[in-house]
Amino acid sequence: EAPHPSSFNMATLLDLVALGTVADVVKLDGNNRILVSEGLKRIRAGRACAGVQALLQVARRDARRTGTYDLGFMVGPRLNAAGRLNDMSLGIETLITDDMPRALQLAQQLDSLNRERRDIEAGMQESAMTILDKLDVGDPSRDEGGGMRDEKTALMFSICLYEESWHQGVIGILASRIKDKYHRPVIAFAKGMNDEIKGSGRSIHGLHLRDALDLVSKKHPDLILKFGGHAMAAGLTIREPDFEKFQTAFEAALQTLLSPADLTKTIETDGELPTKETSMQLAQEIESQVWGQGFPAPVFCDIFKVESQRIVGEKHLKLKLQKDRITFEAMLFSYADPLPDQIRATYRLSVNEYNGNQTLQLIVEHWAAA
């Protein structure tokens, strides 16, 4: 006999509430921060469901130190890989099973799928960059005066890409990566059924993507077969022969909805951090809090001398940065070109754990020559 609903303790589901809230990038208002915080407490205390414990284990994360980063960038992508490349029921079973050995088996399958997804994404990014290398998206700053532009220097307000070989399950991630790089609304298309192609779009602040697609649909009623989404992400289906027509119509719509200033990326920071406060204690305090959408973790900005730099993992830079005669260990991910001798960097504090030892590490997010 099933237990009466009133006897069920809803608090036992808080680990899943925390995971869903963070992985789906839900705004962390007061209530959601409380729910996520309580969910993290359950996970850190070893009371999470078998699936969450197993996913943290295959991601080599310490459950006792789980934070929003682990949910959003370690657990979430492994669950999503099932729906992108295979069958989402694999992810669902992982979260609902009470059998720990079965959860570990499923988590390992999800981990394998996620590695496959990353390989597919890397190949797609490479082909996308080949296309983009032939384009000049333009510099928004040279358009501020509203002067005439010739065709070669025209400012692009959007990026639409299509490649027949791209995987439908990964085009959303590809669009997001390109959006981050060029700070433009991006729609990436992959082959669908028959003569259709399916697009997944990501937007920038200042443009409601679903409303922009609605505008295109109203001006060109037969162009978009179906679409849906929200301000920052949307999906659509068009006919393959209409790709260039859509590309032109979408760009025209965005030129009416955005200004050149909207295309200039702005990085907000919490300013300089005094050297004496750049400590392991502060890093640990920051890591213990709940950060996320609408409630971002502190990001600092300072000028550093680059003492040393070397490539690790083929595509990341391991750095030693000096400020006020004190040297800090630092990492710059997904970047392998040499840095100049002095940089102005935005960074966050991190606790790096290796062989049981914890050390302070700066994670560089953006940099410019200083």
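Reader: Leaving aside neighbours within four places in sequence, which residues is His 167 in contact with?

Author: Contact means heavy atoms within 4.5 Å. On that reading, and with neighbours within four places in sequence set aside, His 167 is in contact with Arg 84, Leu 85, Ile 120, Met 124 and Ala 190. This is a predicted model, in which local features need pLDDT of at least 70 and side-chain atom pairs count only at pLDDT 80 or more, whereas totals for chains, interfaces and linings use all residues. Residues are numbered from 1 along each chain as its sequence is written, and side-chain values use heavy atoms, with hydrogens and water left out.

Reader: Where does His 167 sit, and which backbone atom lies 2.9 Å from a polar atom of its side chain?

Author: Helices (H or I, at least four residues) and strands (E, at least two) are DSSP runs, numbered from the N terminus. His 167 is in the loop between strand S1 (159-162) and helix H7 (171-182). A polar contact is a pair of N or O atoms within 3.5 Å; within protein, one must be able to donate a hydrogen and the other to accept it, and residues adjacent in sequence count only if both atoms are side-chain atoms. For His 167, the backbone nitrogen of Gly 169 lies 2.9 Å from a polar atom of the side chain.

Reader: Is His 167 buried, exposed or partly exposed, and how does one decide?

Author: Buried means under 20% relative accessible area, exposed over 50%, and partly exposed in between (1.4 Å probe, protein chains only). His 167 has a relative accessible area of 28%, so it is partly exposed. Glu 244, which lies in helix H9 (residues 243-257), is exposed because its relative accessible area is 59%.

Reader: Why does Thr 21 count as buried, and what does its side chain reach?

Author: Thr 21, found in helix H1 (residues 14-23), counts as buried because its relative accessibility is 9%. Its side chain reaches the backbone oxygen of Val 17 at 2.7 Å, and, apart from neighbours within four places in sequence, Thr 21 is in contact with Val 26, Leu 28, Asn 32 and Val 36.

Reader: How many residues of helix H3 are buried, and what do they pack against?

Author: Helix H3 (residues 50-58) is mostly covered, with 7 of its 9 residues buried, including Ala 50, Val 52 and Leu 55. The buried residues of H3 pack against H1, helix H2 (30-44), helix H4 (68-85), helix H5 (89-96) and helix H6 (100-132). After H3 comes Arg 60, whose phi is positive, near 60 degrees.

Reader: How many helices and strands does the protein have, and how compact is it?

Author: The secondary structure comes to 10 helices and 10 strands. The radius of gyration, 23 Å, is close to the 21 Å that the globule rule gives for 370 residues, so the protein is as compact as a globular protein of that length; the radius is taken over C-alpha atoms, and the rule is 2.2 Å times the number of residues to the power 0.38. Buried residues make up 41% of the 370 residues.
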